[in-house]
Amino acid sequence: MTAIFDAILPASVNDRLERLTDYPFTRLARLLADVTPSANVQPRVMSVGEPQHPPPAVIDETLHANRHLWGKYPPVNGTPELRAAITGWLGRRYGLPVGLIDADRDILPATGTREALFLLALAVVPRSKAGRTPAVLMPNPFYAVYEGAGLLAGADPVFLPATRETGFLPDLDALGPELLERTALVYLCSPSNPQGAAADRAYLARAIGLARRYGFVLAVDECYAEIWLDRPPVGALEVAAALPHDGHPLANLLVFHSLSKRSSAAGLRSGFVAGDPAVIATFSRVRSYSLTGMPLPVCAASAALWNDDAHVEENRALYRAKFEAAESALQGRFGYSRPDGGFFLWLDVGDGEAATRKLWAEGAIRVLPGAYLSRPVPGEPDPGAAFIRVALVQDPETVADACAALVRILD
Ligand SMILES: Cc1ncc(COP(=O)(O)O)c(C=O)c1O
């Protein structure tokens with residue numbers, strides 16, 4: 001049997017998969033497979049960005065109240081109530097002009113931001129651009145899904161250094177016309193995972209301008225937009241609203257949002273994409289085949305969450321307390337500086353993989369080596385290799401304890 005299959009199928013079923021690096025958590029499991037944490041220490045998992053705060057009770061209540069709808073196939077674009085709740089939240093959060101967002105044409109609920117970020121590349125990457133293989137640009141380090149999406153859509157991923165020197169965001173002025181002409185899609189993340197840097201108005205305006213000039217889709221991943229420390233990060237939609245344009249005010253732009261972080265509900269799989277109606281229409285067509293639609297009870301629970309800001313305020317206060325605990329343990333060590341948003345520490349420990357093994361062995365603290373979120377670019381240092389990413393997702397006591405232990409072990 002195997003011999004027959006070997007003869008029919010090439011060595012790899014899909015040669016695009018061969019270029020795909022293993023997912024960061026697969027690599028982490030391999031790195032730590034032979035490391036046994038010291039006895040009598042409760043493991044503290046700070047590798048995954050999975051909020052551990054109790055999800056709001058309204059989720060259960062709404063799912064229960066809508067249980068008669070589990071038997072129905074989900075609509076591709078969610079429900080009018082959900083799209084209205086999202087439009088209302090976008091208006092409150094970003095002070096958007098009334099009428100900027102058309103709830104029916106500009107919004108697509110998604111079963112998690114990840115799904116939408118991934119599928120987008122299939123929808124918008126052409127076979128060639130400017131006569132060459134299209135490029136998909138992303139920050140380096142980056143959320144792993146961007147690379148997988150670009151590669152599996154047949155594009156060349158291009159990694160743009162996002163280091164302390166560039167303010168932890170890609171330097172847009174360093175991009176030459178040759179690259180921009182063949183660029184089909186640019187992923188930006190603000191506040192960024194892993195470094196927590198938020199783009200300002202001028203930066204986002206420049207990115208939108210480039211997208212329009214060179215005809216690519218700008219995908220701004222804002223899934224940490226509600227987890228901020230001192231001031232709410234500006235959003236790409238509000239920047240677009242204030243820009244002059246000769247077509248649609250949201251042309252070439254999509255933003256991505258999630259309830260996973262905002263409402264500590266990663267298991268609900270609920271987010272949305274909003275922006276350029278032409279791109280949303282193409283995206284909806286792709287999804288009408290994959291039908292990664294959102295079940296109707298989940299649409300109802302999601303609408304209830306987007307309609308409520310009080311639980312988000314409480315959530316944010318918890319993260320703030322945890323950053324304060326981390327800061328008093330770190331005292332500025334490992335190049336720490338307070339991020340604009342998100343819930344990660346991005347610490348320069350010299351050798352991220354070695355530190356990760358040591359923390360697991362000596363403190364049962366599980367973190368992620370920065371190198372698993374970055375790619376080496378020829379002629380440049382790997383921007384993640386010296387770092388670890390520490391997710392402040394556990395309760396404040398666990399975070400305070402783990403940060404104190406981290407300092408003892410690595411200092
Ligand atoms: C930068 C970034 N984008 C998107 C996501 C995916 O979020 P969701 O749970 O909505 O799929 C994550 C999750 O960790 C993330 O860190």
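How many residues surround the ligand, and which are the closest? Some notes from going through this one; keep in mind that it is a predicted model.

1. **Ligand surroundings.** The count is 15 residues around the ligand. Asp221, Tyr224, Ser258, Ser260 and Arg269 are the closest of them.

2. On the nitrogen side, a ligand nitrogen sits 2.5 Å from an N or O atom in the Asp221 side chain. For the ligand oxygens, one is 2.7 Å from a polar side-chain atom of Lys261, and an oxygen is also found 2.9 Å from a polar atom of Arg114, this time in the backbone. As for burial, the ligand on its own would expose 400 Å², and the protein covers 92% of that.

3. **Arg269 again.** This residue is among the closest to the ligand, and its backbone deserves a look too: phi is near 50°, a positive value in a residue that isn't glycine. You'll find Arg269 in the loop that runs between helix 11 (259-262) and strand 8 (271-275).

4. **The other positive phi.** Ala130 also has a positive phi, about 50°, despite not being a glycine. Its place is the loop between helix 6 and strand 3.

5. **Helix 6 against helix 12.** How do these two helices cross? Their axes, for residues 113-124 and 277-290, come within 9 Å and cross at roughly 105°. Angles of 65 to 115 degrees count as roughly perpendicular, so helix 6 and helix 12 are roughly perpendicular to each other. Helix 6 brings Glu115, Ala116, Leu119, Leu120, Ala123 and Val124 to the contact, while helix 12 brings Val279, Thr282, Phe283, Val286, Arg287 and Ser290.

6. Pro194 is in the loop between strand 5 (183-189) and helix 9 (201-214).

Key
Residues are numbered from 1 along each chain as its sequence is written. This is a predicted model: local features need pLDDT of at least 70, side-chain atom pairs count only at pLDDT 80 or more; totals for chains, interfaces and linings use all residues. Side-chain values use heavy atoms; hydrogens and water are left out. Axes are lines fitted to C-alpha atoms, for helices over the stretch in contact, and angles run from 0 to 180 degrees between N-to-C directions. Helices (H or I, at least four residues) and strands (E, at least two) are DSSP runs, numbered from the N terminus. Angles under 35 degrees count as roughly parallel, over 145 as roughly antiparallel, 65 to 115 as roughly perpendicular and the rest as oblique. Contact means heavy atoms within 4.5 Å. A residue is near a molecule or strand if one of its heavy atoms lies within 4 Å of it. A polar contact is a pair of N or O atoms within 3.5 Å; within protein, one must be able to donate a hydrogen and the other to accept it, and residues adjacent in sequence count only if both atoms are side-chain atoms. Accessible areas come from the Shrake-Rupley method with a 1.4 Å probe; for residues, only the protein chains shown count as cover.
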